[in-house]
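Please read this briefing with the sequence and the model side by side.

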Amino acid sequence: MLRVRTTHDVIVIGAGIAGLAAATEAARCGLKTALCDDGLLGGLITNVGNIHGHPGATGTTGADLVNTMLGEALEAGVDYQPGAITSLAQQGGHWRLAEISTPAVILTTGAELRTLDVPGEAELMGRGVSQCAFCDGGLYKGQDVAVIGGGDGAFQEALHLADLCANVTMILRGLKPRARPAFVRQAADLGNMHFRWQTEVRRIIGTGGVEEVQLIDLNSGELNSLAVAAIFPFIGLVPRSGLVEAASDQNGGLVVDTNMATDQPGLYAAGAVRAGHGGQIAHAIADGKTAAQA
């Protein structure tokens, strides 16, 4: 059998909330820990401008929380190695990532925002189609925009845009949003927030930028259009699990047991990359700590 020199006790891949929590916990448990990511420190949470409901972080930005957690990881002795991650392979009973080898890997690569996959979306991405209202909302100050989705993320983005834009129209497939009631109440109380229920986007139209969206009423089948300067889709997440071959659910989330272990020896998954993830900051932290302790 090929013998592989072990350089670390565990590699954590992905420096989002789950990854930072896992790496810090592993290091505090006395394990020599490497934290590797592709340079996008923090992942999607860095786009959150105002955290709600997490003790100690409510009212702060996602970027601030990530920086605090990175500081804790480094203080605990984590070996942080940012850089492109192109492959992860098993070799001689170990896992190898570039020059790092280890018997255990915790995959915390998170998820990416799902796209609408309609005509005009790809062509106008960055020119009126955006998946970060906190990044791009200021470009559309005083104009009309649309937000697609009915979850917490969609409502948080819409509430931020309502402070900047003339009108914000939320487009939802169902008759009831999935977001927490507090967000829904805030949105309903604003005079410049509007709702299109049981509606889907069929096409995004524009030349140099977004000019309007074509909508379909799912009840009647009627097509209509809405003039907007920008559209912000927040319709769910797709787990970033393509780095490994392991059992997954229909959405691509890695299937794990109560210890966050996958069906591959020495491979754990935590946070949004795993099937059944709760979606909250507290869930990601708990996942990461559980995997590290296992």
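Two strands are said to pair if DSSP finds at least two bridges between them, and helices (H or I, at least four residues) and strands (E, at least two) are DSSP runs, numbered from the N terminus. By that definition, strand β5 (residues 94-97) and β6 pair in the antiparallel sense over three bridges. This is a predicted model, in which local features need pLDDT of at least 70 and side-chain atom pairs count only at pLDDT 80 or more, while totals for chains, interfaces and linings use all residues. Residues are numbered from 1 along each chain as its sequence is written, and side-chain values use heavy atoms, with hydrogens and water left out.

**Strands and sheets**

- Three strands, in the order β4-β5-β6, make up an open sheet with antiparallel pairing, and its edge strands, each pairing on one side only, are β4 (89-91) and β6 (100-102).
- Neighbouring strands of this sheet are turned by 35 degrees against each other on average, direction ignored; axes are lines fitted to C-alpha atoms, for helices over the stretch in contact, and angles run from 0 to 180 degrees between N-to-C directions.
- Elsewhere, strand β9 (residues 144-148) and β15 run parallel and are joined by four bridges, with valine 147 opposite phenylalanine 232 in β15.
- Strand β15 (residues 230-233) is covered on both faces, since Ala230 and Phe232 on one side and Ile231 and Pro233 on the other are all buried; buried means under 20% relative accessible area, exposed over 50%, and partly exposed in between (1.4 Å probe, protein chains only).

**Helix α4 and its surroundings**

- Helix α4 (residues 152-162) is mostly covered, with nine of its 11 residues buried, among them Phe155, Leu159 and Leu161.
- What covers these buried residues includes α3 (133-136), β9, β10, α5, β11 (193-196) and β15, where contact means heavy atoms within 4.5 Å.
- The axes of α4 and α5 come within 10 Å and cross at roughly 35 degrees, and the crossing is left-handed, a term used if the near helix is turned anticlockwise from the far one by less than a right angle (right-handed if clockwise).
- At this crossing, Asp152, Phe155, Gln156 and Leu159 of α4 meet Phe183, Val184, Gln186 and Ala187 of α5.
- The residues of that contact divide into five nonpolar, two polar and one charged, where Ala, Val, Leu, Ile, Met, Phe, Trp, Tyr, Cys and Pro count as nonpolar, Asp, Glu, Lys and Arg as charged, and the others, Gly among them, as polar.

**Salt bridges**

- Four salt bridges are found in a search of the whole structure, a salt bridge being a side-chain nitrogen of Lys or Arg within 4 Å of a carboxyl oxygen of Asp or Glu.
- One of them joins aspartate 38 to arginine 240, with the closest N and O atoms 3.1 Å apart; because aspartate 38 lies in the loop between β2 (33-37) and α2 (62-76) and arginine 240 in the loop between β16 (237-239) and β17 (267-269), the pair ties together parts that are 202 residues apart in sequence.
- Aspartate 38 is partly exposed at a relative accessible area of 35%, and arginine 240 is partly exposed at 34%.
- Another links glutamate 200 and arginine 173, whose closest N and O atoms are 2.8 Å apart; glutamate 200 lies in strand β12 (residues 199-205) and arginine 173 in the loop between β10 (167-171) and α5 (181-188), so parts 27 residues apart in sequence are tied together.
- In this pair, glutamate 200 is partly exposed at 22% relative accessibility, whereas arginine 173 is exposed at 60%.
- Aspartate 287 and arginine 274 also form a salt bridge, with the closest N and O atoms 2.7 Å apart, and both residues are buried.

**Two buried residues**

- Isoleucine 204, in strand β12, is buried at 4% relative accessibility, and its contacts beyond four places in sequence include Leu116, Val118, Leu124, Val213 and Ile231.
- The C-alpha atoms of isoleucine 204 and isoleucine 231 are separated by 8.5 Å, although the two residues are 27 residues apart along the chain.
- Alanine 27, in helix α1 (residues 17-28), is buried with a relative accessible area of 13%, and, leaving aside neighbours within four places in sequence, alanine 27 is in contact with Thr33, Ala76 and Val78.
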